[in-house]
Amino acid sequence: MKVSPKRGTKAIRENDELKRVVPEEFLTKIDEVSDRCWEYLQESVKPKEPLATICHGDYLRNNIVFQYDENVS
């Protein structure tokens, strides 16, 4: 997860034609995110209350969790 993005940004930086198309600012951001990829992934799936849903592709009735408040709503 850390190596692949850096290989991609390095290849773009070394190619004159691609350097004209892809801004350096974007490549720098990709490098920064890849340096802390695990933390970035954790932040991206962090629930935002009061309603938080994580979809993982296995949507079955017996695979859903509900949390009720004191009013059972």
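This section describes the fold, the packing of the helices, the salt bridges and a surface patch of a predicted model.

The protein chain contains four helices and zero strands. Along the sequence the pattern reads α-α-α-α. The chain has 73 residues, and 8% of them count as buried. Its accessible surface comes to about 7,100 Å². Carbon and sulfur atoms account for 56% of that surface.

Helix H3 spans residues 24-35 and has twelve residues. From its first C-alpha to its last it reaches 17 Å. This is close to the 16 Å expected at 1.5 Å a residue. The buried residues of H3 are Leu-27, Asp-31 and Ser-34. They lie on the same side of H3, because they cover an arc of only 65 degrees around the axis. An α-helix has 3.6 residues a turn, so residues three or four places apart point the same way.

Leaving aside residues up to four places away in sequence, Asp-31 touches Lys-6, Thr-9 and Arg-13. Thr-9 lies in helix H1. Thr-9 is also buried, with a relative accessible area of 5%. With the same exclusion of residues up to four places away, Thr-9 touches Leu-27, Ile-30 and Asp-31.

The structure holds seven salt bridges. One of them joins Asp-35 to Lys-6, with the closest N and O atoms 2.8 Å apart. This pair links distant parts of the chain. Asp-35 is in helix H3 and Lys-6 in helix H1, 29 residues apart. Both partners are partly exposed: Asp-35 has 46% relative accessibility, and Lys-6 has a relative accessible area of 31%.

A salt bridge also forms between Arg-13 and Asp-31, where the closest N and O atoms are 2.9 Å apart. Arg-13 lies in helix H1 and Asp-31 in helix H3, so the pair ties together parts that are 18 residues apart in sequence. Arg-13 counts as partly exposed at 26% relative accessibility, whereas Asp-31 counts as buried at 15%. The bridge belongs to a network of salt bridges that links Arg-13, Glu-24 and Asp-31.

Within helix H2 (residues 16-21), Lys-19 and Asp-16 are three residues apart, about one turn of the helix. They form a salt bridge, and their closest N and O atoms are 3.6 Å apart. Lys-19 is partly exposed, with a relative accessible area of 43%. Asp-16 is exposed, with a relative accessible area of 51%.

A nonpolar patch lies on the surface. Met-1, Trp-38, Tyr-40 and Leu-41 form this patch. Together they have about 470 Å² of accessible area. Trp-38 is found in helix H4, residues 37-44. At 55% relative accessibility, Trp-38 counts as exposed. Met-1 lies in the segment before H1. Met-1 is likewise exposed, with a relative accessible area of 61%. Both values are over the 50% cut-off, so both residues belong to the exposed class.

Met-1 and Trp-38 are 37 residues apart in sequence. In space their C-alpha atoms are 8.4 Å apart. Met-1 touches Ser-34, Cys-37 and Leu-41, not counting residues up to four places away in sequence. One of these contacts, Leu-41, is a member of the nonpolar patch.

Methods: Residues numbered from 1 in each chain as written. Predicted model: local features only at pLDDT ≥ 70, side-chain atom pairs only at ≥ 80, totals over all residues. Heavy atoms only, no water. Helix = DSSP H or I, 4+ residues; strand = E, 2+ residues; numbered from the N terminus. Buried < 20%, exposed > 50% of the residue type's maximum accessible area, 1.4 Å probe, protein only. Areas by Shrake-Rupley, 256 points an atom, 1.4 Å probe, with all protein chains shown as cover. Patch = residues over 30% accessible without salt bridge, like charges linked within 9 Å, V, L, I, M, F, W, Y side chains within 5 Å. Salt bridge = Lys/Arg side-chain N within 4 Å of Asp/Glu carboxyl O. Expected span 1.5 Å × (residues − 1). Arc of directions from axis to C-beta. Contact = heavy atoms within 4.5 Å.
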